[in-house]
Amino acid sequence: MQWETVIGLEIHTQLATKSKIFSGASTAYGAEPNTQACIVDLGFPGVLPVLNESAVDMALKFGVAVDAEIASRSVFARKNYFYPDLPKGYQISQFELPIVGKGSLTIDLEDGSRKVIGITRAHLEEDAGKSLHEDFHGMSGIDLNRTGTPLLEIVSEPDMRSIKEAVAYARRIHQLVVYLGICDGNMQEGSFRIDANLSIRPFGQEAFGTRTELKNINSFRFMERALNFERERQIDLIEGGGKVVQETRLYDADRDETRSMRSKEEANDYRYFPDPDLLPVEITDQRLQSAKQGMPELPDQKRQRFESAYSLSQADALMLTQSRQQADFFENVVASGGDAKMAANWVTAELAGALNKAGLELSQSPVTAERLGGLLTRIADNTISGKLAKQVFEAMWNGEGDADEVIQAKGLKQITDSAQIESIIDEIIAANPKQVEQFRAGKEKLLGFFVGQVMKQTQGKANPGQVNQILLGKLRA
Amino acid sequence: MHDQSIVELGAALRAGEFSSVELTRHFMQRVERLDGDLNALITTTPEQALVEAGSADQAIKKGQAGALTGIPIVQKDIFCTRGVKTSCGSKMLDNFVSPYDATVVERLRQAGVVCLGKANMDEFAMGSSNETSFYGPVRNPWDRERVPGGSSGGSAAAVAARLAVAATGTDTGGSIRQPAALCGITGLKPTYGRVSRFGMIAFASSLDQAGPMTRSAEDAALLLQAMAGFDPRDSTCANETVPDYSSTLRDSLEGLKIGLPREYFGEGLDPAVAASIQAAIHLYERLGARVIDISLPNAGLAVPTYYVVAPAECSSNLSRFDGVRFGYRCEEPKDLEDLYKRSRGEGFGAEVKRRIMIGTYALSAGYYDAYYLKAQQTRHLISDDFKQAFEQVDVIMGPTTPTTAFGLGEKMDDPVTMYLNDIYTIAANLAGLPGISLPAEPVNGLPVGLQIIGNYFTEAKILNVAHRFQQETEWHELTPDLNKQS
């Protein structure tokens, strides 16, 4: 039997606000446990939540970016359940009336085609704390620093029909929220967490199969592995005569498997009801307009602009706009004098390769955009050859200064003085009469030999174009 | 000294007739002597009180005294007070010392009051007789075999017995007005949102409102002045200007339109209480007011609506008391579930548990529409009744309670009968309207409360209406004979 996969995703993005969604405590990551939780986060008797308006603004930006319906009135609701890292015994979330309604996002598939994925809703909520079950000898540690960090939970329609589509969609959402500046996108720190609902059905069948929900996916690589594992598990189950049980499953990256967390029957009754401590969020037309005006350039717009303004190929433009950071880096290289096409190559190939090898992020690059621009300028104005440019780049990477300093220090400046090149060529012709004779007899392949001799003599600094031209002139004479 | 009002005591303090330290010591001695029997206070803070009185005296000397500077009061133990046990009347919080001050506490402190201690109350403000307190029942100073009402029973008894000049209270379904009525004092529940709820331990967030409990409307105006106003820490607190409540107290009532809802004078109302209320209304007519019969057709829905909305909210509000971070924790829990079950099972009293269970049920999947959602709809109907009524009248009057104070233990076995004691007060909470209870003519030596409900943010008007009555009557001046053996 041929099985079709159906996937929908729920993505929790931590919003990049300075303070928490309902308190003034800092959201910075990595502080000592329980040092960034104030009495409001700790759910002390008598405390009350006050909404951080910048979280609302960030949710609006997302809504505008996915062309969604924005609710003029949305409501915070309490999701009630007991857990030690949930201090109030309820999470403040949005239930019936979320701030962002139906929208959509277009993804690029490997075969170059595009697909529209429906977004059901996106709602604001507060994050819970963390339970630490190791290192406490039979007890659990609770760190409430994360408690109250604003989250935007983005829920998709079950529109994805393959694991590749699901990964492409997740990456696209990731790209978008980072572009919008509303999430730092750091998956290791939990800023971007994916829950996936997956089911299978025979091709051609309209009704959905029973789905399972996979939690705890915190990298795209794991996402692909987790979904693959789960898809195979469901196929084996059904083909073996069994049934998929609706349940929540946890992905264990170490063992590369999913295992049951709780079944539908064990699921909590969250007893949602509107939070009486908070007023409904009213979005005026004016506020929505100002959100629209404050939108940064989105990936698609940027890609189109790169194609037209820099005459880049679609592939280059797509690659460069993969992340806002890379696109900005590229534009800074161009602004510092680099030729656009050359800059695209250097950023996506040479620099990306070096970073990858060193295991560094673009933000940690030892070669700044300005310095890379400086290097490309020297290629363009013939100060150095493209070949030597790689040496200069390496030196710049190792912190030996900017392009001009490296060229100066290493004496790599290209020889473009025709008279100088001519005299070197004359010496070489005089020293190799046999080869000259063979060339003139028709063995023109030997041009390479002469060029090599010139480059050897000049340590590669002679301008290759000039060398060719002068050599040919002299040899054919 | 203790029989004087805030106005009189404030004048005497500023005139140097006695110091705040002397006044504070006087009240501390009364507490010492009388409260063993009444049980109005859970915690006394004598050292802190004397420090505050000392600063008040300094301010008075420097001519920086306000109306409340140096006046000894008690705070209901529902308000968080930094460094002082804040129990909310519960075993659950018997060990809880708040790390911060409620906005009400902070504002009254800034206004210069001296806090003598924390007043007894029904556990988590759930009760109408002060009998659900972990710290034992409060006795009614007028008859110690009777209840003082609740949930602000300790505050009401303390003011009635002159253990403090005034007190703070909170009112979710009548918890200021009902005990004020049963103890013969003046108690004002402001408009929802008039006073910040920050630091006031939540019972039912959409209904809870703090207010003053005093000997007179004039004193209530002074206390409310300090308590009211916008607070950025409470999203439901109104950003409305606070008028000068004292300046309009003496305004004429000529032409005032008083609505008498026929539903508040029907079955269940004690005839003697009804007669006392009728006499009070005749007095208003003599003062130039006009009486209009009105109807609040959905009044009968108030109690059932309340007993869905309030428990639903409380079931969620009280989830934080789980034995994990603060408050009561059971001995040697086996595992997490055992920790939750026993900490909550042992830490909460019967009435609190009853309401948590009712509320949890009302919010459950499959019952939400039939209970919670339906209650929200009937709540709207109740509000609309008032909206229509206030198109015809300026204030609404009636009895605060159907009877005078009942006996201790009399209604503890029958929660529904107990709940019906709040039949006239609950609707104002559901609608968010301000209401005041002030003493009318007593029945058989027991206080009777006249309730005045006003339109939104018309506290100045109802204080004015109450004060004019108190200028003409002496019911609010009566004091219980505390030496009488019951």
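Two strands pair if DSSP finds at least two bridges between them. The views below come from a predicted model.

**View 1. Strand 6 of chain A pairs with strand 9 of chain A.** Strand 9 covers residues 150-156. Seven bridges join strands 6 and 9 of chain A. The two strands run antiparallel. To find one of the pairs, look for Glu126(A): its bridge partner in strand 9 of chain A is Pro150(A).

**View 2. Strands 5 and 6 of chain A form a hairpin.** Strand 5 spans residues 103-108, and strand 6 spans residues 114-126. Six bridges hold this antiparallel pair of chain A together. Ser104(A) faces Gly118(A), which sits in strand 6 of chain A. Five residues lie between the two strands. Gly112(A) is in the turn and has a positive phi of about 90°.

**View 3. Helix 1 of chain A is mostly covered.** The helix runs over residues 53-65. From first C-alpha to last, helix 1 of chain A reaches 19 Å, close to the 18 Å expected at 1.5 Å a residue. Ten of its 13 residues are buried. Among them are Val56(A), Met58(A), Leu60(A) and Phe62(A). Lys61(A) is also on the buried list. What do the buried residues of helix 1 of chain A pack against? Their partners in chain A include strand 5, strand 6 and strand 9. Helix 2 (163-179) and helix 4 (285-293) of chain A are also among the partners. Asp67(A) follows helix 1 of chain A and has a positive phi, near 55°.

**View 4. Chain A meets chain B.** Chain A gives 23 residues to the contact, and chain B gives 35 residues. On the side of chain A that touches chain B, 14 residues are nonpolar, four are polar and five are charged.

**View 5. Eleven strands of chain B form an open sheet.** Strands of a sheet pair through backbone hydrogen bonds, either parallel or antiparallel. In this sheet of chain B the pairing is mixed. The strand order is 1-3-2-4-6-5-10-11-9-7-8. Which strands are the edge strands? They are strand 1 (41-44) and strand 8 (290-294) of chain B, and each pairs on one side only. From one strand to the next, the twist averages 30°.

**View 6. Strands 10 and 11 of chain B pair in the antiparallel sense.** Strand 10 holds residues 435-443, and strand 11 holds residues 446-454. Seven bridges link these strands of chain B. Leu438(B) stands opposite Leu450(B), a residue of strand 11 of chain B.

Definitions and conventions:
Residues are numbered from 1 along each chain as its sequence is written. Chains are lettered from A and ligands numbered from 1 in the order in which they are written. This is a predicted model: local features need pLDDT of at least 70, side-chain atom pairs count only at pLDDT 80 or more; totals for chains, interfaces and linings use all residues. Helices (H or I, at least four residues) and strands (E, at least two) are DSSP runs, numbered from the N terminus. The expected span of a helix is 1.5 Å times one less than its number of residues. A residue is buried if 20 or more other C-beta atoms lie within 10 Å of its own, exposed if 12 or fewer, and partly exposed in between; C-beta atoms are placed from the backbone. Two residues are in contact if their C-beta atoms, placed from the backbone, lie within 7 Å. Ala, Val, Leu, Ile, Met, Phe, Trp, Tyr, Cys and Pro count as nonpolar, Asp, Glu, Lys and Arg as charged, and the others, Gly among them, as polar. Axes are lines fitted to C-alpha atoms, for helices over the stretch in contact, and angles run from 0 to 180 degrees between N-to-C directions.
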